Each structure stands twice: as C-alpha cells, then as structure tokens.
Amino acid sequence: MKIIVCIKEVPDTAIGLKIRDDSHEIETENIPWIMNPYDEYAIEEAQRLKEKFGGDIAAITVGNERVETVLRSCIALGADRAIRIKDDSLKKKDSLITSKILAEVIRNIEYDVILCGKESVDYGYAQTGQMIAEFLQIPCVSAIKKLEVSPSTKDAMCHREIEGGLEVVKCSLPAVFTAQKGLNVPRYASLSGIMKAKKMKIEILEIDTLGFNPSDLKPKIRVTNLSYPPKRQEGRIIEGTLPDTAKELVRNLKEARVI
Amino acid sequence: MSNKEIWVIAEYENEGIKKSTWETISAARKLANHFGTKSAAVILGNGIKGIVEELSKELDLIYFIEHPLLAKYDSNTYVKCLHQLIKDKNPVIIIASATFRGKDYIPRLSARLNCGFISDCVGFEIKEGIFLKRYVYGGRLMATLKFEESKPWIITIRPRCFEYKRSGNVKGEVLHIKPALEQQDIMVTIQESLKETGKRPDLSESNVIVSGGRGMKGAANFKLLEELSDVLGGAVGASRAVVDAGWLPHSFQIGQTGRVVSPTLYIACGISGAPQHLAGMSTSKCIVAINKDPNAPIFKIADYGIVDDLFKVVPVLIEEIKRAKT
Ligand SMILES: Cc1cc2nc3c(=O)[nH]c(=O)nc-3n(C[C@H](O)[C@H](O)[C@H](O)COP(=O)(O)OP(=O)(O)OC[C@H]3O[C@@H](n4cnc5c(N)ncnc54)[C@H](O)[C@@H]3O)c2cc1C
Ligand SMILES: Nc1ncnc2c1ncn2[C@@H]1O[C@H](COP(=O)(O)O)[C@@H](O)[C@H]1O
C-alpha cells in the first residue's frame, strides 16, 4: 500500500504567543515548534496501515528549512521517504495555494491513501485535505475517527464525526482522509527509528519546477491584523454558604435572562 | 458592488432548517443591506418540499436543487451542483455554516471555483470592504482577514456567533433546478448514521451547556450534570481530562482539540480552566464556574463563581432552578 502523509509544523500554542509590531504575524523567533497535533494521528494511522498491509509511507511538507525537524520525526515514526517542498518565504500561504502545491507533487507519486490532519492548529483553516482531493479528483472523508481499508476491493470504510453522532461512510481508493482526535493513540518513536531519521536524506523540491503560473500562486485572502481577543471581565464570586449561594446564582442568572 | 446576489447554502435535518442556517441568513442580510444587493438561499435535496417552504417564508429567493441522488449528502455531488449554479448566476458572496458538513464540502467547492475562502468566521466589520474575524492559534489570538479582488468570495461562519430573528412572513419565490447528476458522481456514500440517541441538543446548537472536569471524579457522577442540564434544557460537555480518563467519549470534549461552543450559558463544574479548555468556550455569553479551589483560573473568566464542593452545590442548584421555573 502506498501511503502519503501531509505534515505541517506549527508553533506550540501551549506557550504565550506574542504579536509582532506590524500586527500581521506572531513573533517566530525563539518559540517552540511542533508537529501539528492532528498530523500525529495521520502518521500513526499510516504506520498502522503499513504494518497491516505492507508498502511504504512518504511524508510531505511545504515549508522552510526549520520544518525538516518535523520531517525527521516522521522518518523516526516509519516514513520511508521525506519530501520538503521548499518555501523559504516567511509569508503565510492560504490553504488553496498549499493544497495546489501538494496535489501537484503527489500527482507524480504513486498513492492509495493520503492522510492529512483535520486542521492545523495555527490558523485552523481545516481546508487543505479536502482541497488536495479536489485537485486530484478523488474522494475525501474529513474528520475521521476510524479507518478500515480494504486493498482487495480498493475501498475504505470510515467513521466521521457529525453533530450529535457519527456517520459510517464508504469510498473507493485512492482517497484523502483527514484525521480527527480519537482516530488512534500515537506512539513514540523507537530508538532504531530515531537512528534511521538521523541518517536519511530529505528530498527537496523547488516550487518553480512544478509548472505553475504566477497567478496560480497568488493568495486570495490576506490577514490584515492580529490581535489579542477581548478579555472577559472578571466576574464575581458569590460569597456565602449553601443554599444561599445557589439561590443568589439563580437570581442573577434570571436577571441576566440566561435562564 | 452591483446588484448581484449574496447566497446562503441552507442545511437541514429531519426536523427542518438548522439554527445555524438562520444565523447565516442574518449575516447575509447584513451584507446585502450594506451593499444594496439581494440575498438568496440555495438548498439541495430530494423530497424536502416542507423544508423548502419553511425557508421561503424568510427569503425572497430560493434556489432548490432537487435530485434523487441528493437524498443523501455527498461532498462531490454537492460541489458539482453548486459549482454549476454559481457559474450560471454569478453570486458575489456565498455563506455557509462551519458545521461538520460545511467544513467537509465547502473547501472542495472553493478549490473547484479557485476562489477565496475564509472559514469559521465569528464576525465581520464593514469599512472600506469586508473585514472578517476568526480565532487563530488555538483561540489565543484573533485575526482579521480580507479577500483579494477575485470573486466569488466564500465564507463559513461558526454556529451561534450571529443572532437571528425569523420573521416568517415573506413569500419567497422558489426556483427549481434539476441538476445533471449520475451515480458515479457520488464519491462518498453514507452507509449509516449513528446519532447519539437522547433528547439533549447537540453541543454546537445548545443554548445551555453543563460541563464537567476531572473534579467529577468518575463517569457515574455525570448523572448529576445530566440532571442539571435537563432542567435547563441543555447539553453536557467535558474537559479533556474527562475524555482521557475514558469517562465520556471524545465527542463531548470542549476546547482546542475538541468542540468549540458558544452557548448563552456555560456551567463549568470541577474544571480548572486550562487555556486549551478556554479556547473552546470563552465566547459563551455567560459563564458560571463551580470549583472548590478559589485560585482556579476558570474564575478569571467566569461571570459568576461559587467556591465550594460541586457535589454539594449542584443538587441544591437543581432544586433552586426547578423552583425558579415554576
Ligand atoms: C495540545 C493540547 C490540547 C489540549 N486540548 C484540550 C481541549 O480541547 N480541552 C480541554 O479541556 N483540555 C485540553 N487540554 C488539556 C488541558 O491542558 C488541561 O489538562 C485540561 O483541560 C484539564 O482538565 P480539568 O480542568 O478537568 O482537570 P484539572 O485541571 O485537574 O482540574 C480539576 C478541577 O476540579 C476541581 N475540583 C476537584 N474536586 C472538586 C469538587 N469536589 N468540587 C469542585 N471542584 C473540584 C479542582 O479544584 C480543579 O480545579 C489540551 C492540552 C494540550 C497540551
Ligand atoms: N504546509 C503544509 N505542508 C504539508 N501539509 C500541510 C501544510 N499545511 C496544511 N497541511 C495539511 O493539511 C492539514 C489541514 O491544514 P489546514 O487546512 O491548514 O487547517 C494539516 O493537518 C496537514 O496535514
């Protein structure tokens, strides 16, 4: 089975982020970078498919040199190829451009299954996987929590999340799947994996060689400003003991017309 | 802008049009008023006359794309039909809800149209153009975005971020569209829908959410929160600690890696208020925190707090609410 995983590197949002002076981007110096958490589910699922059916995994990312750290961790987690599409501009690409580039590269690789994260936790667009599928004219099932692939019939059964439940869906392969939390529990890299990752060569591709017109890669949306969200007013602690506190709370909620 | 239309793509379930769709309609109206254009809705399906009628009481113009193959949702068939209609009618802005479904097919539609798409917006400002607001970096920052010139523009909006009022007294015109669809157009077939059975509303549409954290101490204790949510007609949610402990399935998780909600009333019981949890609920209109630790960060954002043992507070609260309601 030929498996492709699209991986993105994101700032660790567990730490405080600072907005740059021009208020268009965050300060990216000296902050921790991690693999997009949803992509961890994607690479884990790829490993499981490879263990079950054999084959190989190619991990692909569009990014600058820094992202090679994340690509190496994919090798440590079982990727047989690691491809970086060189994007040294610090400009943010919208999902439409990123997915055009990824689809163009994937087109020239053999694939049965393409795995992406459900969304990237930096900009949270949640678009790239679906768009790759459109450019390749193949099915996409988004936000999956279960994947059962059947190579003999060349199809897949998935559970995807919907409001208030799950849907069981079926599609033919090749297809794109975007990973939701709950799909699996990612493992840690093995020591041998880490050793392999140190040695393996990362393949580097130039966007210029992909045959795009400049207009194809012109962003259609633009961030004009970043700000800290409005702070909520600190409310009040209702002092006292039960049942007075509960009474007072209900009175307040009624007054505020929320119950 | 010319007199071209602003569209909403309607979503519905057995009971009728979804609340989140009414919210997109109110967003579309605001934009249409400002630009002096018309707003219209598109609805896709088969044998949904009653639902289309419901929609036509609110809007002047409805495009009803009807076909037996649209009886079940599939992203590719939706995109095929919408793409054709958009090419024919040239709307300037297309708005859908950022529901699971909206998130599934709208990216594909925007790729087929090769047009700008801003997802999961929570608001907008109209100045010299439209400036859309959305949360980024796990809810820690707010970004303002703008479309570059090419049209149409596609926007999805997060449920419960726009107010809506139904008038119900319009007599809208319904234009029937018969798309050319074939069986092969269906790329993903729905085999089965496993809805969590129960009378409680879904998290993203519920007015009230009662949410429990590690302080609940075990799965069985969630009965207490179910009872509280039932007297308020609400839904039950949870922190990640609860989901990780296996007390509730992941679909209950609220926060950065769970559901993002914005109910009128959010009651957090035994939740400390980690930033990743706040990312999923801090836009709630009114937040109540019940926690025995006076220094829990959740109190920093709560409108009302009670510092006490939740197992003592919640039963009394249930009784007080019952009394207040009679
Ligand atoms: C990448 C990443 C993503 C994450 N995503 C999410 C997410 O989406 N959602 C999420 O919730 N978390 C998320 N987390 C985890 C988050 O950081 C916290 O660990 C989690 O929210 C803590 O859950 P809690 O408040 O229930 O538990 P705790 O922090 O342990 O808090 C329990 C609280 O209960 C109180 N308590 C205990 N007993 C009682 C009692 N009898 N009566 C009253 N109060 C009592 C305690 O005082 C305490 O404040 C994420 C973390 C990471 C790193
Ligand atoms: N620059 C990128 N390189 C590789 N994969 C990406 C990139 N950006 C997004 N993806 C993939 O698309 C998913 C969704 O991203 P997004 O549409 O940005 O929310 C991510 O989880 C990745 O799997």
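The model is predicted, so local features need pLDDT of at least 70 and side-chain atom pairs count only at pLDDT 80 or more, while totals for chains, interfaces and linings use all residues. Residues are numbered from 1 along each chain as its sequence is written, chains are lettered from A and ligands numbered from 1 in the order in which they are written, and side-chain values use heavy atoms, with hydrogens and water left out.

**Ligand 1**

- Ligand 1 is surrounded by 26 residues (a heavy atom within 4 Å), and the closest are R214(B), S239(B), Q253(B), T257(B) and S272(B).
- The side chain of Q253(B) places an N or O atom 2.8 Å from an oxygen atom of ligand 1, and a polar backbone atom of I254(B) lies 2.8 Å from a nitrogen atom of ligand 1.
- Of the 990 Å² that ligand 1 exposes when taken alone, the protein buries 79% (Shrake-Rupley method, 1.4 Å probe).

**Chain B with chain A**

- The contact (heavy atoms within 4.5 Å) takes 85 residues from chain B and 78 residues from chain A.
- Between them the chains bury about 7,100 Å², with 56% of it on carbon and sulfur atoms; this buried area is the accessible area (1.4 Å probe) lost on being put together, summed over both parts.
- The interface holds nine salt bridges (a side-chain nitrogen of Lys or Arg within 4 Å of a carboxyl oxygen of Asp or Glu), including one that joins K181(A) to D244(B), whose closest N and O atoms are 3.8 Å apart.

Note on methods: Polar contact = N/O pair within 3.5 Å; in protein donor to acceptor, adjacent residues only side chain to side chain. Buried area = accessible area lost by both parts, 1.4 Å probe.
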